[in-house]
Amino acid sequence: MVQFFKTKNPKAKTNTQLEKHRVWLDLTNVEGAFKQTLVGYVSNASNEYEDRFDGESYDGNDFLDFYSILQDKNLTIQGRALPFDENDEVPLGFRVAVGGTFTIKIGQKDGLLSNQEIFIEDKLANKVVNLKEENYTFTTAAGTFDVRFVLKYVDKTLSVEETEANDGIIALYSNNYKTLIIRNNLMDTT
């Protein structure tokens with residue numbers, strides 16, 4: 001009688017699927033110009049430049065370029081470290097040969113970024129826009145702009161809650177006596 005045994009194939013591929021959370025941002029105009037950049041949070045990536053996860057922009061489009069910025073490199077693809085940190089901020093730059101009106105929008109997203117708020121901060125216009133709710137349209141002159149935009153996941157300027165303290169302490173300034181008067185109207189407060 002002949003017996004057969006199954007052996008493990010040493011060349012078999014193991015499941016090395018990377019955890020990925022990515023957003024593709026598109027820069028367009030009504031004349032048909034288009035450039036896309038990708039920012040992704042990936043297993044084994046760091047927030048330093050790495051050939052394995054980061055791809056430099058070679059500015060091959062004569063009309064425009066759109067990129068994230070890391071260590072003075074313009075990146076079409078930027079791999080960032082996990083775990084994803086919603087407080088992370090990624091500088092974005094662009095170059096246009098002709099000024100005009102342009103729009104930044106989300107082209108695609110996956111992983112955790114499918115449900116994450118995604119903001120673009122325009123430092124020149126002092127404006128923050130949630131790209132999940134609306135595209136961001138802006139005007140620009142021709143040139144290269146590397147400090148205008150930031151990709152964010154939290155808008156820290158959204159709200160400031162005003163609280164009214166009713167602790168019985170009243171502070172007044174007397175112009176007549178040039179004195180600050182502080183009065184405590186409650187017996188058990190300091």
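In the predicted model described here, the side chain of Asn130 reaches the backbone nitrogen of Lys132 at 2.9 Å, a polar contact being a pair of N or O atoms within 3.5 Å in which, within protein, one must be able to donate a hydrogen and the other to accept it, while residues adjacent in sequence count only if both atoms are side-chain atoms. The model is a predicted one, in which local features need pLDDT of at least 70 and side-chain atom pairs count only at pLDDT 80 or more, whereas totals for chains, interfaces and linings use all residues. Residues are numbered from 1 along each chain as its sequence is written, and side-chain values use heavy atoms, with hydrogens and water left out.

Asn130 belongs to strand β9, which covers residues 127-130; strands (E, at least two residues) and helices (H or I, at least four residues) are DSSP runs numbered from the N terminus. Asn130 counts as buried because its relative accessibility is 8%, where buried means under 20% relative accessible area, exposed over 50% and partly exposed in between, computed with a 1.4 Å probe on protein chains only. When neighbours within four places in sequence are left aside, Asn130 is in contact with Glu117, Ile118 and Phe119, contact meaning heavy atoms within 4.5 Å.

The largest nonpolar core contains 26 residues, of which Val23, Leu151 and Tyr153 touch the most other members; such a core is a set of buried Ala, Val, Leu, Ile, Met, Phe, Trp, Tyr and Cys residues joined through side-chain atoms within 4.5 Å. At least two residues of this core come from each of β1 (20-28), β2 (34-42), β4 (64-70), β6 (89-96), β7 (100-109), β10 (136-140) and β11 (143-152), and β6 gives the most, with 4 residues. With neighbours within four places in sequence again left aside, the contacts of Tyr153 include Val23, Val39, Tyr41, Phe84 and Leu113, and Glu117, Ile118 and Phe119 are also among them.

Several backbone features fall in loops. Leu82 and Pro83 are joined by a cis peptide bond with an omega of about 5 degrees, and Pro83 is placed in the loop between β5 (73-80) and β6. Gln71, in the loop between β4 and β5, has a positive phi of about 50 degrees although it is not a glycine, and Gln71 is partly exposed, with a relative accessible area of 41%. Asn126, likewise not a glycine, has a positive phi of about 55 degrees; Asn126 is found in the loop between β8 (119-122) and β9 and, with a relative accessible area of 69%, is exposed.
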